[in-house]
Amino acid sequence: MNAKLVKYLVGIVSVGLGALLSGCFDVVPMTTVHPVTQEGADIMTVYKITTWISVAIFFAVSIPICIALYRFREKPGDESIPEQVHGNAFLEFLWTVIPVVLLLIIAIPTWQVIFKQAKPFPEGQSLKVEVIGHQWWWEFRYPELGIVTANELHLPENTNITLDLTSADVIHSFWVPRFGGKVDTVPGHNNPMYWVTPTASDTPGGDYYQGQCVELCGLSHALMRFQAVIHKKDEFDRWAKTYNEPPKVVTSLEKKGDQIFHTICQACHAISGTASAQIPGPKIGPDLSNFGNRRTLGAGTLENNQENLFKWVKDSTSVKPGSLMGNLGLDDESVRAVNAYIRNSTVKVY
């Protein structure tokens, strides 16, 4: 084979492999190639089969094409016509059968994974969580524990989880890349999802995995994030036991924030153990119980600290366009009072 052709082929292969492998090593928040659940590993198995078959097809087609382009290129002074071939029954049969076989190799494990992941856990052998998508935040309800929270999905390690997914407004799509596949949340309809959670590390507060809405759902779709938190079982039990304890209001600033919250904010938000949680009917804003323990605010938009919370309460649309809370018209002192109240309305358990 001509040395120049070999050089070109090596260059093409090197660039292709570099691009292919560049996304396979770092464990980044939204990676799908480092699953931590069995469901994710099953999907990854199908992904690997499909990927390697695609790579083999790419080279099986591109290498002969490159050779043919070089060998039968027009040469100066050469006016001869290559031998003309009109059909080959064996080759035509072969390149019909080979794709069928390759598609079956992909289809069989795909079917197996689809049916396996659609199979519910036996009754009473999983923790049930109701997941409700909102524009643009996530609500998580634990009916067996009497807990309602938002934007952080707390789960115990090595546990069967049954998720019932629905939407309060438009179609969203629920996805934790390192856990497995994505499932749509549809208004007026429940879509089930089944997981077995991974083993948690000894990190205080649990292991955090990034989640995201992956169905275009409006102006702030890209800012509709959440985190799945995997705890050691004893840590999860402490979290669940203390979650609904009422806030301990001590300082004068917290007392002022308590008054403002229950005058202005309780129409849309609730905090367990307070009058805001006794108002009947659904809330249009996230439940703020245990808010001080959360890592983020605004559905994963900002780190949960005093500076960012001030910005959010002052005018949420400056952070998340289209937010219903908007500008409440509070002066700076009132904003700081509300922040002091909701950030301390928690019992630290980690």
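**Exercise 1. Pairings of strand E5**

Task: In this predicted model, which residue in E5 stands opposite Lys128, and which strands pair with E5?

Solution.
Step 1. Lys128 has Thr162 of E5 opposite it.
Step 2. The strand joined to E5 here is E1, residues 127–134; the two run parallel and are linked by seven bridges.
Step 3. E5 also pairs with strand E8, residues 191–196, in the antiparallel sense, over six bridges. Within E8, Trp195 is the bridge partner of Ile161.
Step 4. Strand E5 covers residues 160–167, and six of its eight residues are buried, so the strand is largely enclosed by the rest of the structure.

**Exercise 2. The open sheet**

Task: Find the order of the strands in the five-stranded open sheet, and state which strands stand at its edges.

Solution.
Step 1. The order is E4-E10-E9-E6-E7, with mixed pairing.
Step 2. E4 (152–156) and E7 (183–185) each have a single partner strand, so they stand at the edges and one side of each lacks a neighbour in the sheet.
Step 3. From one strand to the next, the twist averages 30°.
Step 4. At the E7 end, E6 (residues 172–175) pairs with E7 through three bridges in the antiparallel sense. Ser173 is opposite Asp184 of E7.
Step 5. At the E4 end, helix H4 (residues 233–242) lies across E4 and E10 (225–231), and runs at about 130° to E4.

**Exercise 3. Helices H5 and H7**

Task: Describe how helix H5 (residues 252–264) and helix H7 (residues 332–343) are placed relative to each other.

Solution.
Step 1. Two quantities describe a pair of packed helices: the angle between their axes and the distance between the axes.
Step 2. The axes of H5 and H7 come within 7 Å and cross at roughly 95°.
Step 3. Angles of 65 to 115 degrees count as roughly perpendicular, so H5 is roughly perpendicular to H7.
Step 4. Residues making the contact include Leu253, Ile260 and Phe261 of H5, and Ala337, Val338 and Tyr341 of H7.
Step 5. Sorted by class, this contact of H5 with H7 holds eight nonpolar, three polar and five charged residues.

**Exercise 4. The setting of Ser289**

Task: Is Ser289 buried or exposed, and what does its side chain reach?

Solution.
Step 1. Ser289 is located in the loop between H5 and strand E11 (296–297).
Step 2. Its relative accessibility is 1%; buried means under 20%, so Ser289 counts as buried.
Step 3. The Ser289 side chain reaches the backbone nitrogen of Ser272 at 2.7 Å.
Step 4. Leaving out residues up to four places away in sequence, Ser289 touches Tyr243, Ala270, Ile271, Ser272 and Arg294.

Technical notes
Residues numbered from 1 in each chain as written. Predicted model: local features only at pLDDT ≥ 70, side-chain atom pairs only at ≥ 80, totals over all residues. Heavy atoms only, no water. Pairing = 2+ DSSP bridges. Helix = DSSP H or I, 4+ residues; strand = E, 2+ residues; numbered from the N terminus. Axes fitted to C-alpha atoms, helices over the stretch in contact; angles between N-to-C directions. Contact = heavy atoms within 4.5 Å. Parallel < 35°, antiparallel > 145°, perpendicular 65-115°, else oblique. Nonpolar A, V, L, I, M, F, W, Y, C, P; charged D, E, K, R; others polar. Buried < 20%, exposed > 50% of the residue type's maximum accessible area, 1.4 Å probe, protein only. Polar contact = N/O pair within 3.5 Å; in protein donor to acceptor, adjacent residues only side chain to side chain.
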